[in-house]
Amino acid sequence: MTGAPSLRRYHAGWHRAARFVAQRMVLRPVVRTVTRTVVEGLDNLEGLSRPFVVVANHSSHLDTGVLMSMLPRHVTEHLAVGAAADYFYSRWWTKAATSLFFNTYPIHRTSGGKRTRKGLSQRLVAEDVPVLIFPEGTRSRDGVMRAFKPGAAALCVAKNVPCVPVALLGTHEAMPVGRSWPVPGRPRVRMLVGRPMRPRPGEKPREFNDRVAARVRTMLEMQTPYVLADGAAPGQEAGTDHKQEEAS
């Protein structure tokens, strides 16, 4: 049995500096050139500290580029991205490129890889490395958000760390599955950053997963990052209010 892979790279200052150049000086200008990306809800991230788990709906290879180039530096500086091992780790050059631009770690989508996925995510979070996970597991082919798998929620529950819900609108239209580059015309993309959510005492991973998925879905439907906290008091109506605190 081989030993657990080293996590040294995720703490290395040289790699962090290289990612800064790749993400802010290369990737961000490209994203801004090929899309008209608007980011909303960044005030929801005030006071956020490591470690944490970022989750988002997923319908395009553009999603990761938008997230890593447009989220604030204090969020992305140490952020590691779960990437499908069968797709991004099958060739050395894709592995090297995704490592440089996105600080990836492999997620195995087959049943035989579940242990590796869980172990790496938990080890990273345990070492104060925040992670970005797409809970749908793969890109939506029609842009409609699919059911969230409970892995990211289980990680938050196990390590008692906050989950940052993000809703991405327009990435499917900008670069649907099958395209290797966004469509012409600088399509509009919106990234809605919601208020961090924490597991409630005694809450099970599937219950927390349902809450997180409902939050992202509501942000998509209402097209705002300012969604009333779930678990509101009786008589309190659903709606939007950027002053509302997270109920948990």
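This is a predicted model: local features need pLDDT of at least 70, side-chain atom pairs count only at pLDDT 80 or more; totals for chains, interfaces and linings use all residues.

Student: Which residues does Asp-128 touch, not counting residues up to four places away in sequence?

Tutor: First, its place: Asp-128 is in the loop between α6 (114-126) and β5 (131-133). Contact means heavy atoms within 4.5 Å. With neighbours up to four places away set aside, Asp-128 touches Arg-50 and Pro-51.

Student: How far apart in space are Asp-128 and His-78, C-alpha to C-alpha?

Tutor: Along the sequence, these two are 50 residues apart. In space, the C-alpha to C-alpha distance between Asp-128 and His-78 is 8.6 Å.

Student: What is the relative accessible area of Val-131?

Tutor: Val-131 lies in strand β5. Beyond its neighbours within four places in sequence, Val-131 has contacts that include Phe-52, Val-53, Leu-79, Tyr-105, Leu-124 and Leu-155. Val-131 is buried, and its relative accessible area is 0%.

Student: How many of the residues of helix α2 are buried?

Tutor: Helix α2 covers residues 62-70 and is mostly covered. Among its buried residues are Asp-63, Thr-64 and Ser-69, along with Leu-62, Val-66 and Met-70. The count of buried residues in α2 is nine of its nine.

Student: Are helices α1 and α5 roughly parallel or roughly perpendicular to each other?

Tutor: Axes are lines fitted to C-alpha atoms, for helices over the stretch in contact, and angles run from 0 to 180 degrees between N-to-C directions. Here the axes of α1 (residues 13-34) and α5 (residues 92-102) come within 7 Å and cross at roughly 85°. Angles under 35 degrees count as roughly parallel, over 145 as roughly antiparallel, 65 to 115 as roughly perpendicular and the rest as oblique. The two helices, α1 and α5, are therefore roughly perpendicular.

Student: How many nonpolar residues does the contact of α1 with α5 have?

Tutor: The contact is built from residues including His-15, Arg-19 and Leu-27 of α1, and Ser-99 and Phe-102 of α5. For the classes, Ala, Val, Leu, Ile, Met, Phe, Trp, Tyr, Cys and Pro count as nonpolar, Asp, Glu, Lys and Arg as charged, and the others, Gly among them, as polar. The contact of α1 with α5 has three polar residues and one charged residue, and its nonpolar residues number seven.

Student: Why is the pair of Phe-101 and Phe-102 rings classed as it is?

Tutor: Rings of Phe, Tyr and Trp (its six-membered ring) pair if their centres lie within 6.5 Å; planes under 30 degrees apart count as stacked, over 60 as edge-to-face and the rest as tilted. That rule gives a count of one aromatic pair. The ring centres of Phe-101 and Phe-102 are 6.3 Å apart and the planes are at 50°, so the pair is tilted.

Student: Where is Arg-186?

Tutor: Most residues other than glycine have a negative phi. Arg-186 is not a glycine, yet its phi is positive, about 50°. At 39% relative accessibility, Arg-186 counts as partly exposed. Its place is in the loop between α8 (171-174) and β7 (188-193).

Student: What is the phi of Gln-223?

Tutor: Gln-223 sits in the segment after α9 (205-222). With a relative accessible area of 42%, Gln-223 is partly exposed. Although Gln-223 is not a glycine, its phi is positive, at about 55°.

Methods
Residues are numbered from 1 along each chain as its sequence is written. Side-chain values use heavy atoms; hydrogens and water are left out. Helices (H or I, at least four residues) and strands (E, at least two) are DSSP runs, numbered from the N terminus. Buried means under 20% relative accessible area, exposed over 50%, partly exposed in between (1.4 Å probe, protein chains only).
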